[in-house]
Amino acid sequence: MNALPPRPLRHVVILGGGFTGAAVAWHLARQSARPSVTVVEPRQFLGGGLAYSSEELSHRVNVPAARMSLVPDEPEHFLRWLDRDGEADRDPDSVWRNGDVFPRRRVFGRYVAEQLTPFVETGAVRHLRDNVREVTRSSDGSGWTVFTSDQPISADVVVLAMTHPSPDVPAALKPLADAPGFVADVYARNALAAIAPGASVLIVGSGLTSADTVAELDRRGHRGRILAVSRHGLRARGHPDIRGAPFGDFVSAPAGTALALLESVRSTLAVADAHGVKWHSVFDQLRLQGPVLWTALAPDERTRLVRWLRAFWDVHRFRIAPQVEAVLDRRRATGTFENIAASLVASSHKGDRLAVSLRRRGQRQIETLQFDAVINTTGPAHGKVLQVNPALRSLADVGLIRVDRHGLGIETGLDNRAVGPDSEPLEGLFVAGPLARGTFGELMGLPEVARHAQAVASEIESRLGTLLSIEAAR
């Protein structure tokens with residue numbers, strides 16, 4: 001009897017090779033009956049993405065290395081890699097005075113890339129350095145075609161793992177679009193190189209990116225005045241010198257409204273303070289219990305939470321590396337850095353000077369200030385990702401995907417599949433990482449993204465296994 005030809009491997013195409021896409025690929029490649037995996041990512045190596053491919057020396061990871069890992073069940077996997085690699089010897093400033101390690105971001109990207117290298121070398125994972133311009137679904141709904149710049153790729157499963165679209169320029173700053181000294185996208189290569197050491201600088205935004213921008217300017221020798229402006233004037237917080245255990249219980253009786261959750265957090269903070277526990281531990285517990293809290297809220301309450309409390313959550317949850325915090329504190333002490341709450345009103349430019357009109361919070365009068373440079377650090381325009389990303393736009397234009405009701409990303413089912421036009425999850429189309437946070441809540445921190453990538457890979461394995469079993473029984 002002639003042997004049957006071997007059954008072809010299922011093909012999974014992952015769009016985006018930053019940490020999210022690389023993590024999904026890594027988990028798929030380690031499965032016993034692994035599918036064929038292609039990651040479409042234009043950057044030179046997998047795992048870096050926008051966050052972890054930066055060459056800027058002042059850009060450091062925002063989480064201690066002991067809490068960053070590609071392997072969710074081994075939180076110190078990256079820290080052990082650092083010890084073997086000897087990075088701390090090459091960068092002694094990465095070790096803070098309490099012993100926590102905050103290496104440069106590109107180092108974490110290199111770590112992720114090295115974990116994937118064996119699978120790339122054996123062909124289990126293919127890295128296609130290209131951009132995706134369109135994704136289409138087969139007429140019978142059994143598969144997908146991914147169109148890159150020069151070739152179509154057939155796929156049984158497509159994973160949408162791209163994130164971080166370019167920042168949106170606030171309407172009040174549109175008149176500066178072509179002005180010298182205006183930096184619309186601080187993520188662009190050498191975006192700050194032309195800013196003179198004594199330049200007066202306005203930074204729009206006061207979160208992580210704003211803090212990194214101050215650190216980079218300082219590292220480049222800038223000593224002029226920097227003013228950071230945001231609606232709430234909330235500066236990103238730092239890490240405690242001594243980490244405590246997560247504190248509080250928010251899930252035994254989860255809040256049903258955004259207001260009730262806020263009251264629960266406030267009361268827990270008061271109890272923590274009475275026991276000498278720092279606020280960081282309360283927010284660490286919120287982070288761990290976040291998925292339960294998010295799902296306990298009705299959709300309208302989730303939207304209310306995002307609208308009114310997101311800015312306060314972000315500055316406490318997403319903390320800056322202590323090396324960056326030290327720069328901000330030093331600049332503030334010397335009078336060369338200030339952070340205020342204000343709204344932008346208008347802008348104009350004449351020659352090399354940029355004029356920005358703003359209204360400080362609580363005041364009625366408008367003041368106009370002049371700067372040599374204005375830098376936009378408002379963060380990725382996640383709400384417009386379906387418009388600006390060609391691959392996602394091609395799916396949205398035919399109604400296959402849509403923005404979730406909170407404006408955080410793509411509407412996703414609890415099984416990690418994109419929700420289709422009939423409000424049912426689409427076969428073979430998965431959403432990984434921050435684009436799925438409208439369904440799962442906290443999906444911006446690396447530990448949460450790592451766990452979600454593992455869950456997506458497990459769901460793909462399960463569904464592909466079911467399909468192979470059905471085919472074998474035919």
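In which sense do strands E11 and E12 pair, and over how many bridges? The legends below, drawn from a predicted model, begin with this pair.

**View 1. Pairing of strands E11 and E12.** Strand E11 (residues 337-350) and strand E12 (residues 353-360) are joined in the antiparallel sense by eight bridges. Lys-350 has Arg-353 of E12 as its bridge partner.

**View 2. An open sheet of seven strands.** The strands follow the order E8-E14-E9-E10-E11-E12-E13, and their pairing is mixed. Strand E8 (182-183) and strand E13 (367-371) form the edges, each pairing on one side only. Helix H5 (residues 208-219) packs on this sheet and touches strand E9 (201-204), strand E10 (226-230), E11 and strand E14 (373-376). The direction of H5 makes about 155° with that of E9.

**View 3. An open sheet of six strands.** Here the order is E3-E2-E1-E7-E16-E15, again with mixed pairing. Strand E3 (125-128) and strand E15 (417-419) are the edge strands; each has a single partner strand, so one side of each lacks a neighbour in the sheet. On average, neighbouring strands of this sheet are turned by 35° against each other, direction ignored. Strand E1 runs parallel to strand E2 (residues 36-40), and five bridges join them. Among the residues paired with E2 is His-11, whose bridge partner there is Ser-36.

**View 4. Strand E7 and its two partners.** Strand E7 (residues 157-160) is covered on both faces: Val-157 and Val-159 are buried on one side, and Val-158 and Leu-160 are buried on the other. Four bridges link E7 to strand E1 (residues 11-15) in the parallel sense, and Val-12 stands opposite Val-157. E7 also runs parallel to strand E16 (residues 425-431), to which three bridges join it. In E16, Leu-429 is the bridge partner of Val-158.

**View 5. Helix H11 and its buried face.** In helix H11 (residues 390-397), the buried residues are Ala-391, Leu-392, Ser-394 and Leu-395. Viewed down the helix axis, these residues fall within an arc of 155°, so they line one face of H11. They pack against the strands E1, E4 (132-137), E5 (144-148), E7 and E16, and against helix H10 (385-388).

View 6. Asn-389 caps the N-terminal end of H11, with a side-chain oxygen 3.0 Å from the backbone nitrogen of Ala-391. Gly-399 follows the helix and has a positive phi, near 80°.

How values were computed:
Residues numbered from 1 in each chain as written. Predicted model: local features only at pLDDT ≥ 70, side-chain atom pairs only at ≥ 80, totals over all residues. Heavy atoms only, no water. Buried < 20%, exposed > 50% of the residue type's maximum accessible area, 1.4 Å probe, protein only. Helix = DSSP H or I, 4+ residues; strand = E, 2+ residues; numbered from the N terminus. Pairing = 2+ DSSP bridges. Arc of directions from axis to C-beta. Contact = heavy atoms within 4.5 Å. Polar contact = N/O pair within 3.5 Å; in protein donor to acceptor, adjacent residues only side chain to side chain. Axes fitted to C-alpha atoms, helices over the stretch in contact; angles between N-to-C directions.
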